[in-house]
Amino acid sequence: MSNGYARTTPSSGQTSQPQLFAAENAQTSTASRKRKRGQDKPDEDFGLDFFGGASTKSSKGLKAIEPSNEEASDDNDEELDDDKSKLVTTSANDMGSDESKSILKSHRLKITWLNPPVAHKKDRKKDRGKKLKSVKAEKHSLYPQPVQSFSQMRDRFGISSRLAANIEDQGYSTPTEVQLGALPLLLDAPDRFLSPDVQNEATKLSSRIDLLTVAPTGSGKTLAFIIPLLHTISQARRKRKDRNTSAIILAPTKELAGQIVNEGRKLARDTGIKITQVRKGMKLVAPANASDDEDEEVRESNETVVKSDILVSTPGILASAIQEATEQGLAALSAVESMILDEADVLLDPLFRDQTLAIWNSLSHEDLRVSLWSATMGSNIEELARSTLNARRTRISAEGGQAVIEAPLVRLVVGLKDSAVSNVQHRLVYAATENGKLMGLRQLLHPASTSGDSGPPLLPPFLVFTQTIQRAIALHSELLYDIPAEAGGISRIAVLHSDLSDTARDSVMTRFLKGEIWVLITTDLLSRGVDFRGVNGVVNYDIPTSSAAYVHRVGRTGRAGREGGIAVTLYSKEDIPYLKPIANLISTAHKMNDDPAAAGTQGVESWLLDALPSLSKKAKQDLKRRGVESRSSSGKQKDLKAARRTRISTKSGFLRKEEQKKKGAVRGSRNRKEASFADEGDETDFGGFD
Ligand SMILES: Nc1ncnc2c1ncn2[C@@H]1O[C@H](COP(=O)(O)OP(=O)(O)OP(=O)(O)O)[C@@H](O)[C@H]1O
């Protein structure tokens, strides 16, 4: 498709520095100069592959220590790591707190200790005036020494040679912002970064922290939690050879869970650590009275017993597996010491809240540490996390008869909280009616017809989001024949939603990742976490039903700092009452962009922002729960006329044209016979685009 634009798109494979937020002035700061010198090699492998994973080239010199099997790997690592552990405490890499502070600031990282010991707060109150204020400000902000290159981690934290090699083999050399901040928090002993003047015995005893992380979409949160997890497990497995599940990762969708397993397995290669995605029917524990032979039988049957170090699951499946074990009087997951909530705000949203909390509360290990990750996290989620941590600690203390240590709870925020990625071009397009939206989408599908200065065309592959499953199915049928047969025809366009079977979902995902599908129509099912590296854009065919949904949907493009992604939001008359939060997000993303002209970001006119009505709290909640009323099934019953206006035909445009041609011919002959005119029908009852 010729477009006349010379431009870089995410799918063309170029990536900018993953350090998304390095402030402009950091170029001249010591911190930045040091960072650049610290880079061992450019991120050369990253992005060469149109859709696939990062490089799999193996690093030189590793053969000598490459183990032939898992156990050997552990042994080798142990020997090497004994030597390395001596280095861990050396200060070769140590930098002053001022330098740490300036690097963290230049990358817009804000780290706060949320639960410093109360006793110290009271002590400090004895001080007066200025001193009290400055102490208060100091003691909540933390400045751990950032990790500026993955190669430092072996010396600094004693990570195993195999894990270090796996990170390098995947082509990762320079940590992204979130990794820069989260890795020292999760790999270092807390007493090294907690403000010494507010530490007490309890915080000194805690070897790990609980963490809340808010960082932009596509900024590399997965790596930031998997590396420390693999390190913690491999250290524990050196002391204990049996395989007990010691970590669980929860994600809201099967697709995201699968992706985390893939990423985790690449990094865990040859470490002996096993990662499993929990599927329906899997059992967490074998019945206590089962002999070894019987146990083997259970394992070989469909009802597999999961023997894995890390379990990755959606909340529903894991919660039922735990419940099943509890009903049989079996203790499941009692050795779990780490729980990770990926897309934590969704997992603690009413949709999944009960299941997530049931899992969290069923984990009985007194040293359980929890980390929550998302690009958006409201204060209610933070509150819920804190109260769950406290309630669980009190309960376990009471059950065990001795006080459980309160771990330090730290919050890491990268950039501006809850904002949409600024390195993609956000367009808000008024389409007036449903018919207009369809025409708008067709114009995006056929970029040759793009005229005027509406910006560069949206090149496939791209994602199209609708409000409901029915609308996704209908839009798919409508567009089915839009891609010419010589370009692949109907195989290039697909629909993915939660009513499809697991096999169908897997197949669509695989074909989209391979680049065989160009246009994928979906619901919010795919809005969270899924990493499609080469996606050039996102079309909100139906407006998202919350600000967070906008942030996550558009975050499927422009990942890892890639430029050239486009996010188009089509809106009609029905959407105007709900549009202001989205317009605000777009305007902020525009302001955040260091070079809006280069990125082509258009922003939103200030008069439009002023003109759009504000949303009441109740309206926001209703929108989140039900979406735009006329597009939801309940709305259809309430207001038939509005529902008809927003209906998408379930026939393809091509089939309808053919049918209308036939109808026209029949009508024509009848007209000729009867010499009368046929009724043209109700124009407002939109039945699809001709
Ligand atoms: N240090 C790094 N250098 C280069 N690329 C990286 C680095 N870390 C992560 N990536 C790549 O960035 C992409 C996005 O990472 P990831 O999926 O972890 O993002 P995320 O922050 O979890 O996003 P979301 O909020 O949408 O879930 C992935 O393709 C990953 O391989």
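Predicted model: local features only at pLDDT ≥ 70, side-chain atom pairs only at ≥ 80, totals over all residues.
Local features are reported at pLDDT of at least 70 and side-chain atom pairs at pLDDT 80 or more, whereas totals for chains, interfaces and linings use all residues. Residues are numbered from 1 along each chain as its sequence is written, and side-chain values use heavy atoms, with hydrogens and water left out.

The ligand is surrounded by 24 residues, a residue being near when one of its heavy atoms lies within 4 Å. The closest are Y172, G218, K221, T222 and D531. This shell comprises eight nonpolar, nine polar and seven charged residues; here Ala, Val, Leu, Ile, Met, Phe, Trp, Tyr, Cys and Pro count as nonpolar, Asp, Glu, Lys and Arg as charged, and the others, Gly among them, as polar. Because domain 2 (109-414) and domain 3 (424-645) both give residues to the shell, the ligand lies between them; the domain bounds come from an automatic or database assignment.

Oxygen atoms of the ligand lie 2.6 Å from a side-chain N or O atom of T222, 2.8 Å from a backbone N or O atom of G218 and 2.9 Å from a side-chain N or O atom of R559. The protein covers 97% of the 640 Å² of accessible area that the ligand has on its own, as computed by the Shrake-Rupley method with a 1.4 Å probe.

Helix α10 (residues 221-239) gives the most to the shell, with three residues. Helices (H or I, at least four residues) and strands (E, at least two) are DSSP runs numbered from the N terminus. Helix α10 also contains I226, which counts as buried at 4% relative accessibility; buried means under 20% relative accessible area, exposed over 50% and partly exposed in between, with a 1.4 Å probe and protein chains only. The C-alpha atoms of I226 and I340 are separated by 9.4 Å, although these residues are 114 apart along the chain.

In helix α11 (residues 254-267), ten of the 14 residues are buried, so the helix is largely enclosed by the rest of the structure.

Most residues other than glycine have a negative phi, and most peptide bonds are trans. Phi is positive, near 65 degrees, in E343, a buried residue at 4% relative accessibility in the loop between β6 (338-342) and α14 (344-347). R108 has a phi near 55 degrees and is partly exposed at 33% relative accessibility. A cis peptide bond, with omega about 0 degrees, joins P460 and P461.

Notes. Polar contact = N/O pair within 3.5 Å; in protein donor to acceptor, adjacent residues only side chain to side chain.
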